[in-house]
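Visitor: Good morning. Could you walk me through this protein, one topic at a time?

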Amino acid sequence: MLQTISPDLLPFITTVINGSLTSGHVPTAFKKARVIPILKKPALDPSDISNYRPVSLLSFLSKILERVVCNQLSDYLMQNNLHDPNQSGFKAAHSTETALLAVTEKLHAARSAKLSSVLILLDLSAAFDTVNHKTLLSTLRSLGICGTAWEWFASYLDGRSYQVTWKGLTSAPRRLSTGVPQGSVLGPLLFSLYTHSLGKVIYSHGFSYHCYADDTQLIFSFPPSDTTASARISACLADISSWMTAHQLKLNPSKTELLIIPGDPSPAQDLAISLSNSMISPSATAHNLRVTMDNQLSFSSHVTNVTRSCRFLLYNIRRIRPFLSTQATQVLVQSLIISRLDYCNSLLAGLPLNAIRPLQMI
């Protein structure tokens, strides 16, 4: 509807946005959110509050204002080379696929050099909701954002409020003193800037890393004969945990996953890794940005999962096919099945034909 009448509204919307940018002030009405809890995965227990993601519904005009600021901020970061080169989230020509490609290429290169590798998938608890505003504003200032632009971000973060909607009922408004809204345009980019200094901590231990938003992947390659690997990994995780605590973020050891990729042809290793008084045990597979990775980099589990999912969807489409037009069927197949086959399929390049044959059959 707004797009239909946009020629009449555009001068007024432009005035509001330009007024906000020049004054460094965000209208209070733009900082109100309605939160609808969404179950993270269909199979999770709906009675457990921790299984929900608090996505914020914001006003349409506030998102337009955020998009304008996000475009300018992204251009500024790109022109001044301030982006973290190991962050694939919210950057042009970057995606989950580029993040996974960067990680798997490092693992393949290490294996070719007869080195064993450890891939650690860090999990944060409510990462976006615990961002400290003073620390974030200090980080923005260190990146050269000052004057009216800095004042705009201070106004954007200050005085935010939210209401929760659940089963037709809406709670009373509550003030937000921390965090950036999940569901906003600027939130993810601000979070990636908030964690900008984490890379120095990781590099200081000789590790490499790659991020997509709050998903951080640590990579450490070492000779199979290295007996200090376990201690070095634990020391790195301890420093990361300390950095997280100082920035009001919290690592979740129970959901942090560990893969050990043995150096070919070295035997598999069993490392004991400690994190926050918890032990992280290596697993044969791990879920990484919706791709199932295994400790042999064969992606056999991923192919099996995608094949099973696609066959189930094809079976359901076949049941209702007599009631669908050809065009409707094509839309269903494209959106539900082809999209699954296409997602991160560049990771499968170089695999034997028999490994990807199940996907070809789909």
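**A conversation about the model**

Visitor: Where is K40 found?
Guide: K40 sits in the loop that runs between strand 1 (32-39) and strand 2 (52-57). Please keep in mind that this is a predicted model.

Visitor: How accessible is K40?
Guide: K40 is partly exposed, because its relative accessible area is 38%, and partly exposed covers the range between under 20% for buried and over 50% for exposed.

Visitor: In which sense do strand 3 and strand 9 pair?
Guide: Strand 3 (residues 116-122) pairs with strand 9 in the antiparallel sense, over five bridges. As an example, S117 has I261 of strand 9 as its bridge partner.

Visitor: What about S116, buried or exposed?
Guide: S116, which belongs to strand 3, counts as buried because its relative accessibility is 0%.

Visitor: Let us turn to backbone angles. What is phi of N81?
Guide: Phi of N81 is near 55°, a positive value in a residue that is not glycine. Most residues other than glycine have a negative phi. N81 lies in the loop between helix 2 (60-79) and helix 3 (96-112), and N81 is exposed, with a relative accessible area of 68%.

Visitor: What is the phi of L289, and where is its place?
Guide: L289 also is not a glycine, and its phi is positive, at about 50°. L289 is in the loop between strand 12 (285-288) and strand 13 (291-294). L289 is buried, at a relative accessible area of 13%.

Notes. Residues numbered from 1 in each chain as written. Predicted model: local features only at pLDDT ≥ 70, side-chain atom pairs only at ≥ 80, totals over all residues. Heavy atoms only, no water. Helix = DSSP H or I, 4+ residues; strand = E, 2+ residues; numbered from the N terminus. Buried < 20%, exposed > 50% of the residue type's maximum accessible area, 1.4 Å probe, protein only. Pairing = 2+ DSSP bridges.
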